[in-house]
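Open the model in a viewer and keep the sequence panel in view. The stops below are given in the order in which to select them.

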Amino acid sequence: MCYCKNCHTHRRDNEVYQRGSPAKDYVLPLGWARIPLRVADVPSKHHIAFHGTDSEYVKSILKYGLRKPGDKTPDGELIEERRGHFNDDMKPEGFDTKQIFLSPSIIYSGNRAYANIKEWYDKESGTKNKARVAFQAWIRPGSYDVNHHTISADYQIDKHIPNSELEWSTKDKSAIILYGLLIILE
Ligand SMILES: [Zn+2]
């Protein structure tokens, strides 16, 4: 599914829909392309959120889902806070880093602080490429907290969502069903 400007305009879709129960705004991931992931069941009451990440984590997330820092994968790999992000030694007072973080905004999730840029050289075309990745997920209503964003930005990051509601977090990985891998080329 391509959400680039051309395709989106051509489909005459809205930018915002409502999903889940109680209903929440779902802002389309405009500019991105979505590769669908296979899921057992499509939940009817879940909300939609995004999780930007580094491309090097995609394989592990596809295999084991999103996990919170402190957890171990079945392979024995310890999940840690990402370098440069809040951790036990550096965080605002009371902030719990041992959670899975998502956002209802792809603009916030897709920020380079989360979805950092992957650069590679394509031999065939002789071009240098840059891309970012994020996951699209369903998340169970009532399973997550809603908080203010945690990057340095004093402007409204997403015109459809207040800054105070940009960061969703949960300790319950079973509340999250990943259903799309999003990619955007720079
Ligand atoms: Zn397109």
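The tour starts with confidence and then goes through strands, rings and single residues.

**Before selecting anything**

This is a predicted model, in which local features need pLDDT of at least 70 and side-chain atom pairs count only at pLDDT 80 or more, while totals for chains, interfaces and linings use all residues. Residues are numbered from 1 along each chain as its sequence is written, and side-chain values use heavy atoms, with hydrogens and water left out.

Colour the chain by pLDDT, the predictor's confidence in each residue on a scale from 0 to 100. The chain has a mean pLDDT of 94, and 100% of its residues reach 70 or more. Confidence is highest in strand β3 (residues 33-36), at a mean of 98, and lowest in strand β6 (residues 118-122), at 93. Element names follow DSSP runs numbered from the N terminus: helices are H or I runs of at least four residues, and strands are E runs of at least two.

**Stop 1**

Select β5 (100-102), β8 (145-147) and β9 (residues 167-170). These three strands form an open sheet in the order β5-β9-β8, with antiparallel pairing. The edge strands are β5 and β8, each of which pairs on one side only. On average, neighbouring strands of this sheet are turned by 30° against each other, direction ignored; axes here are lines fitted to C-alpha atoms, for helices over the stretch in contact, and angles run from 0 to 180 degrees between N-to-C directions. Two strands count as paired if DSSP finds at least two bridges between them. Between β8 and β9 there are three bridges, in the antiparallel sense, and Asp 145 stands opposite Ser 169 in β9.

**Stop 2: Ser 169**

Stay on strand β9 and pick Ser 169. Is Ser 169 buried or exposed? Ser 169 has a relative accessible area of 4%, so it is buried; the cut-offs are under 20% for buried, over 50% for exposed and partly exposed in between, with a 1.4 Å probe and protein chains only. Leaving out residues up to four places away in sequence, Ser 169 touches Gln 99, Ile 100, Phe 101, Ser 143, Tyr 144, Asp 145 and Asn 147, where contact means heavy atoms within 4.5 Å. Its C-alpha atom is separated by 9.5 Å from that of Lys 98, 71 residues apart along the chain.

**Stop 3: Lys 68**

Move to the loop between α2 (58-64) and β5, where Lys 68 is found. Lys 68 counts as buried because its relative accessibility is 19%. Its contacts beyond four places in sequence are Ile 79, Lys 98, Gln 99, Ile 100 and Lys 171.

**Stop 4: aromatic rings**

Show the Phe, Tyr and Trp side chains. Rings (for Trp, the six-membered one) pair if their centres lie within 6.5 Å; planes under 30 degrees apart count as stacked, over 60 as edge-to-face and the rest as tilted. There are five aromatic pairs in the structure. Tyr 108 and Tyr 114 are edge-to-face, because their ring centres are 5.3 Å apart and their planes stand at 70°. Tyr 108 is buried at 2% relative accessible area, and Tyr 114 is buried at 16%.

Next select Tyr 144 and Trp 168, a stacked pair with 4.3 Å centre to centre and 20° between the planes. This pair links distant parts of the chain, 24 residues apart: Tyr 144 is in the loop between β7 (127-139) and β8, and Trp 168 is in strand β9. Tyr 144 is buried at 10%, as is Trp 168 at 2%.

Then pick Phe 86, Phe 95 and Phe 101, which ring pairs link into a cluster.

**Stop 5: strand β10**

Select residues 176-185, strand β10, where seven of the 10 residues are buried. Strand β10 pairs antiparallel with β3 over four bridges, and nine bridges join it to β7, also antiparallel. Gly 180 in β10 stands opposite Pro 36 and opposite Gln 136.

**Stop 6: backbone details**

Which residues does a cis peptide bond join? The bond lies between Ser 21 and Pro 22, with omega about -5°. Pro 22 is in the loop between β1 (16-19) and β2 (24-27).

Finish at Arg 12, in the loop between α1 (5-11) and β1. Arg 12 is not a glycine, yet has a positive phi of about 55°. With a relative accessible area of 75%, Arg 12 is exposed.
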